[in-house]
Amino acid sequence: MVQSKYLNDLIEAFQLLPGIGKKSAQRLAFHVLKMPKEDIQRFTQALLYAKEKITECTICGNLSDDTLCNICSNPKRNPQVICVVQEPKDVSIMERIGDYNGYYHVLKGCISPMEGIGPEELNIKTLLERLKDGEVQEVIIATNPTIEGEATAMYLSKIIKPLNIKVTRIAHGLPVGGDLEYADEVTLARALQGRVEI
């Protein structure tokens, strides 16, 4: 326990962030105390602006400064393909690879009966609305390779296939530089299922 109430409050505030334990929170708190006051003001202002100004894209559910995100407002993207992801951060990850030129749809989670999250709690209704006009030819499901992500992928496939739209799933398997010795059975099975001809 640190002697200052304010320092304790700061440490506890950092611990609210995911992946930040007590030691990391203490390290961050002590670092912040060394920062110039102007940098701290800029940091707190950025937090407040982000919370107040960032909204959701009305089409895909991605984070945006406007009603439409920069991807949905880009007419150069391929309108025939939608990649479905769980969270807005997944859009950033997919965009980093630079190989995908279609649009996205953010579910805002995945089906998890243990947490009381069913399909009606996700952004699925909006996805189905987007598929009604017949322009979309393929939906790529890029949910995480977890039990919940797989359940969500299966559910989406079941409701989209009757619309005569191709439904694909991103391949999951061994990472580049990975070693078979350390891979679990599910990862190996996924790698085998997602194999491609060379």
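Student: Arginine 77: buried or exposed?
Tutor: This is a predicted model, in which local features need pLDDT of at least 70, side-chain atom pairs count only at pLDDT 80 or more, and totals for chains, interfaces and linings use all residues. Residues are numbered from 1 along each chain as its sequence is written, and side-chain values use heavy atoms, with hydrogens and water left out. Buried means under 20% relative accessible area, exposed over 50%, and partly exposed in between (1.4 Å probe, protein chains only). Arginine 77 has 8% relative accessibility, so it counts as buried.

Student: Where does arginine 77 lie?
Tutor: Helices (H or I, at least four residues) and strands (E, at least two) are DSSP runs, numbered from the N terminus. Arginine 77 is in the loop between strand 2 (63–64) and strand 3 (78–85).

Student: Which residues is arginine 77 in contact with, leaving aside its neighbours within four places in sequence?
Tutor: Contact means heavy atoms within 4.5 Å. By that test the partners of arginine 77 are Ile71, Glu95, Tyr100, Asn101, Gly102, Tyr103 and Tyr104.

Student: Which side chain makes a polar contact with the side chain of asparagine 123?
Tutor: Asparagine 123 is in the loop between strand 4 and helix 5, and its relative accessible area of 10% makes it buried. A polar contact is a pair of N or O atoms within 3.5 Å; within protein, one must be able to donate a hydrogen and the other to accept it, and residues adjacent in sequence count only if both atoms are side-chain atoms. At 2.8 Å, the partner of asparagine 123 is threonine 126.

Student: What is the phi of lysine 108?
Tutor: Lysine 108 is in the loop between strand 4 (102–106) and helix 5. It is partly exposed, at 37% relative accessible area. Most residues other than glycine have a negative phi. Lysine 108 is not a glycine, yet its phi is positive, at about 70°.

Student: Asparagine 164: buried or exposed?
Tutor: Asparagine 164 is in the loop between helix 6 (147–160) and strand 6 (166–169). Its phi is positive too, near 60°. Its relative accessibility is 74%, so asparagine 164 counts as exposed.

Student: What is the polar contact distance between the side chains of glutamate 129 and lysine 132?
Tutor: Glutamate 129 is in helix 5 (residues 124–131). It is partly exposed, at 47% relative accessible area. Its side chain reaches the side chain of lysine 132 at 3.1 Å.

Student: Helix 1 and helix 2 pack at an angle of how many degrees, and what is that arrangement called?
Tutor: Axes are lines fitted to C-alpha atoms, for helices over the stretch in contact, and angles run from 0 to 180 degrees between N-to-C directions. Helix 1 (residues 5–14) and helix 2 (residues 22–34) have axes 8 Å apart and an angle of about 125°. Angles under 35 degrees count as roughly parallel, over 145 as roughly antiparallel, 65 to 115 as roughly perpendicular and the rest as oblique. Helix 1 to helix 2 is therefore oblique.

Student: How many nonpolar residues are in the contact of helix 5 with helix 6?
Tutor: Ile124, Leu127, Leu128 and Leu131 in helix 5 meet Tyr155, Leu156, Ile159 and Ile160 in helix 6. Ala, Val, Leu, Ile, Met, Phe, Trp, Tyr, Cys and Pro count as nonpolar, Asp, Glu, Lys and Arg as charged, and the others, Gly among them, as polar. This contact has no polar and no charged residues; the nonpolar count is eight.
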